[in-house]
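User: Hey, can you walk me through this model? I'd like to go through it piece by piece.
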Amino acid sequence: MTSVVPYFLVEDAFTTAEFYRDVLGFTFDEFFGDPPSFTIVERDDVRIMFRQVRPAKTAVARPNRSVMAETYDAYIYVSDVDELATELRATKADIVEGPVKRAYDMRELLVRDCNGYLLAFGER
C-alpha cells in the first residue's frame with residue numbers, strides 16, 4: 001500500500017473545491033459526472049475526493065464529530081506545520097487550534113473546512 005485518499009460527501013462540490021484551492025492551497029482540474037458532482041483536489045502528494053450529494057435525495061454530509069467530538073475527519077502529515085499555519089492564517093482559514101505539541105510527539109494544526117470537516121495537519 002502506498003497511500004489513502006479521503007472521500008468526503010459534500011453539499012456543493014464546486015464551492016468545496018474552490019475553498020480548498022483558495023484557502024488551503026490545493027488545486028483541481030475538472031469535475032466528473034452528469035451532472036458534474038465529483039472532483040479530486042491535490043496538493044503535493046495529498047489528494048482528497050469530494051462527492052456532491054443533495055440531502056433531499058440521499059445522504060447528508062456528516063463530519064465524524066457528529067458522533068465523537070474529538071475525532072478528526074482526515075489526518076495529513078506535513079513537513080513544516082509552522083510554515084503551513086502561517087500560510088493558512090494569511091488566507092483566513094478557520095484554524096481551530098495550533099500548532100501545538102501533543103503527548104504522542106506530534107505538532108498539530110487543526111483546521112475546519114467549509115463543510116465542517118476537521119483536518120489535522122501533523123509534523124513528527
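User: Which residues form one aromatic cluster here?
Analyst: Phe8, Phe19, Tyr20, Phe26, Phe50 and Tyr117. Keep in mind that this is a predicted model.

User: Ok. How many aromatic pairs does the structure hold?
Analyst: There are 11 aromatic pairs. One of them is Phe14 with Phe31, a tilted pair with 4.2 Å between the centres and 35° between the planes. That pair ties distant parts of the chain together: Phe14 sits in helix α1 and Phe31 in the loop between α1 and β2, 17 residues apart.

User: Is Phe14 buried, partly exposed or exposed?
Analyst: Phe14 counts as partly exposed because its relative accessibility is 35%.

User: And what about Tyr72 and Tyr75, how is that aromatic pair arranged?
Analyst: Tilted, with 5.9 Å centre to centre and 40° between the planes. Tyr72 is partly exposed at a relative accessible area of 23%, and Tyr75 is partly exposed at 29%.

User: Switching to the fold. How many helices and strands does the protein chain have?
Analyst: It has 2 helices and 7 strands. Starting at the N terminus, the order is β-α-β-β-β-α-β-β-β.

User: In what order do the 3 strands of the open sheet come?
Analyst: The order is β1-β3-β2, with mixed pairing. β1 and β2 (38–43) are the edge strands, so called because each pairs on one side only. From one strand to the next, the twist averages 25°.

User: How many bridges join β1 to β3?
Analyst: 4 bridges, and the two strands run parallel. For instance, Tyr7 has Met49 in β3 as its bridge partner.

User: Where does α1 lie?
Analyst: α1 lies across β1, β2 and β3, and runs at about 160° to β3.

User: Now the inside. Which residues touch the most other members of the largest nonpolar core?
Analyst: That core has 24 residues, and the ones touching the most other members are Phe8, Tyr20, Leu24, Ile48, Leu88, Leu109 and Phe121. The elements that each supply at least two residues of this core are β1 (7–10), α1 (13–22), β3, β4 (74–77), α2 (81–90), β6 (107–112) and β7 (118–123).

User: Take Phe121. What is it in contact with, leaving aside neighbours within four places in sequence?
Analyst: Phe121 is in contact with Ile76, Val78, Val81, Leu84, Leu88, Arg107, Glu108, Leu109 and Val111.

User: I'm also curious about Val46. Where does it lie?
Analyst: Val46 lies in strand β3, which covers residues 46–52. Leaving aside neighbours within four places in sequence, Val46 is in contact with Phe26, Val41 and Ile76.

User: Why isn't Val46 called buried?
Analyst: Because its relative accessible area is 21%, and buried means under 20%. Val46 therefore counts as partly exposed.

User: And how far is Val46 from Ser3?
Analyst: The two are 43 residues apart in sequence, and 8.8 Å apart in space, C-alpha to C-alpha.

User: Last bit, the overall numbers. What share of the protein chain is buried?
Analyst: Buried residues are 36% of the 124 residues. The accessible surface is about 7,500 Å², with 52% of that belonging to carbon and sulfur atoms.

User: And of the contacts between residues at least 6 apart in sequence, what share join residues at least 24 apart?
Analyst: That share is 51% in the protein chain.

Conventions. Residues numbered from 1 in each chain as written. Predicted model: local features only at pLDDT ≥ 70, side-chain atom pairs only at ≥ 80, totals over all residues. Heavy atoms only, no water. Buried < 20%, exposed > 50% of the residue type's maximum accessible area, 1.4 Å probe, protein only. Contact = heavy atoms within 4.5 Å. Core = buried A, V, L, I, M, F, W, Y, C linked by side-chain atoms within 4.5 Å. Axes fitted to C-alpha atoms, helices over the stretch in contact; angles between N-to-C directions. Areas by Shrake-Rupley, 256 points an atom, 1.4 Å probe, with all protein chains shown as cover. Phe/Tyr/Trp six-rings, centres within 6.5 Å; stacked < 30°, edge-to-face > 60°.
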